[in-house]
Amino acid sequence: MASFASGSLHIIGGGLAGSALATCMAEDGFDVTLYDEAEPFESRWTRGMHTAPESHKTAEPEIFYDPSGLVADFFAGYPEIPAKLIRPAHCVMGLKRGRRIPAIVSLDQGISRALISRRISIAARAYTALTLWQQRSASEENRLDSTFSSGAFDSDDKAHQPGTYHRDALTVLAEVLFSMPAHRCSKSLLARVLVPKLRGMLARHHEPVFAAIDPIILNDIALPALRERFLAAGGTIKSRTKLGDIDSTSDYATDLLFEDDSQIVLNPDDAVVLALHPKPLCDAVPDIGISPAPAHRRCMTFEMRKPFAEPQALLVSDDIVRAIYCNRRHLQVSLNSSLQLQDTQNADQFAQLVWQRCVWLCDQYLNLDLQTRSDNADNALHPNHLFINAEAPFPEMTPGMAASRQHLRAPWKNVFLCGDVFPIDQAPGPAALFSSVLDIRHELQKFFA
């Protein structure tokens, strides 16, 4: 059996979390080895990196919740990475319920202020604000009602019930931003997203808590820059190395066993970081006690003739379409997860249905005429398209798993967990990912001190 020489720090998982942490620790002067079953410094985080028709240079902009600016602050430390990697979230949320008029909410203006201002009377606005604020202190086990998970419009008899715009907003945010059905989200989590700070609701100019990242800059510039900095700092990369098992005593992990029969013998003063997706993490450490289901994201990409000047995004409560991303020469559409697709359904007919809905939605909410930008194929009523059915980057957490995140710990003193699943104060996503990187970096510095 082959054996690698043991180092000071071993990071398993070369996705964005593992790569970012490895780079920071190497530049801190530690001896770091980064392992990955594929190739480290390749993003498995952006959910839109799929080959579109006749082009590999297309991806939906990633919109995420980051009130503290953690993502931008991290990349700001690398001047070779363009500042335009992180942009303001120029997004419109179009909400429609029955016969009620559409509510168009800009993420740049703050969701809570926009929703509260739609209430007619001062008393109704105060009640709505208080209700949203109270939910911030709710238990993590307090979930949203299962009725929120439906993407279909309300019937006319429900259209005038109070708070339907707010329920729509929760549903859309949960599914599009967090990759999970609304009924799996905690009330307190979504309340923190809607109302980040009390003074934010009262401020004349609300500070945005959403940002967008350009996945092409991330994959073509940012991650290669991190790789170069990691290697320049003396880091070691071992690709195509999949973790199989961990041997241990009661207190310390003693051996890392890989599926290619290689092995690393650990000393008590060596540290291991598991920056893995929950499924391979559970396979390597069964005692960790989590088993989240993979979240699936179905989307469709249309090729456009005329490019978009700036990326635009539309998050919408619709029975077919959940989000539309206008990016460069492509239109990428996230489909409603509750949409039932028939195996016998004609692909061209379904593409035509989605395209017609996108044309109407973009005209309704973005004042954008897609027909003038489209380049339809011969004898087709829609542009060239590609259907994508892939696993979303963030796991679908059960209520119990989400509520127990604060108790998740590796069972050994020299093993640490890193990734977007673990920070309890963050929704799964890039902000949670970099929050975890900062926390584990601090813990490792104390461990090696």
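Colleague: Where is Asn 414 placed?

Modeller: Asn 414 is in the loop between α11 (399-403) and β19 (415-417). Helices (H or I, at least four residues) and strands (E, at least two) are DSSP runs numbered from the N terminus. This is a predicted model, in which local features need pLDDT of at least 70, side-chain atom pairs count only at pLDDT 80 or more, and totals for chains, interfaces and linings use all residues. Residues are numbered from 1 along each chain as its sequence is written, and side-chain values use heavy atoms, with hydrogens and water left out.

Colleague: Is Asn 414 buried or exposed?

Modeller: Asn 414 is buried, its relative accessible area being 0%. Buried means under 20% relative accessible area, exposed over 50%, and partly exposed in between (1.4 Å probe, protein chains only).

Colleague: And which residues is Asn 414 in contact with?

Modeller: Leaving aside neighbours within four places in sequence, Asn 414 is in contact (heavy atoms within 4.5 Å) with residues including Tyr 252, Leu 266, Pro 268, Val 272 and Phe 447. Asp 270 is also among them, and the side chain of Asn 414 reaches the backbone oxygen of Asp 270 at 3.5 Å.

Colleague: Turning to the sheet, what is the order of the strands?

Modeller: The order is β9-β3-β2-β13-β19, five strands in an open sheet with parallel pairing. Two strands pair if DSSP finds at least two bridges between them. β9 (236-238) and β19 stand at the edges with a single partner strand each, so one side of each has no neighbour in the sheet. From one strand to the next, the twist averages 20°.

Colleague: How many bridges join β13 to β19?

Modeller: Three bridges join them, and Val 272 stands opposite Val 415 in β19.

Colleague: Which strands does α12 lie across?

Modeller: α12 lies across β2, β13 and β19, at about 165° to β19. α8 lies across β3 and β9, at about 120° to β9. Axes are lines fitted to C-alpha atoms, for helices over the stretch in contact, and angles run from 0 to 180 degrees between N-to-C directions.

Colleague: What about the largest nonpolar core: which residues touch the most other members?

Modeller: Of its 42 residues, they are Leu 21, Phe 75, Leu 85, Val 273, Phe 434 and Leu 444. Such a core is a set of buried Ala, Val, Leu, Ile, Met, Phe, Trp, Tyr and Cys residues joined through side-chain atoms within 4.5 Å.

Colleague: Which element gives the largest share of this core?

Modeller: α1 does, with eight residues.

Definitions and conventions. Polar contact = N/O pair within 3.5 Å; in protein donor to acceptor, adjacent residues only side chain to side chain.
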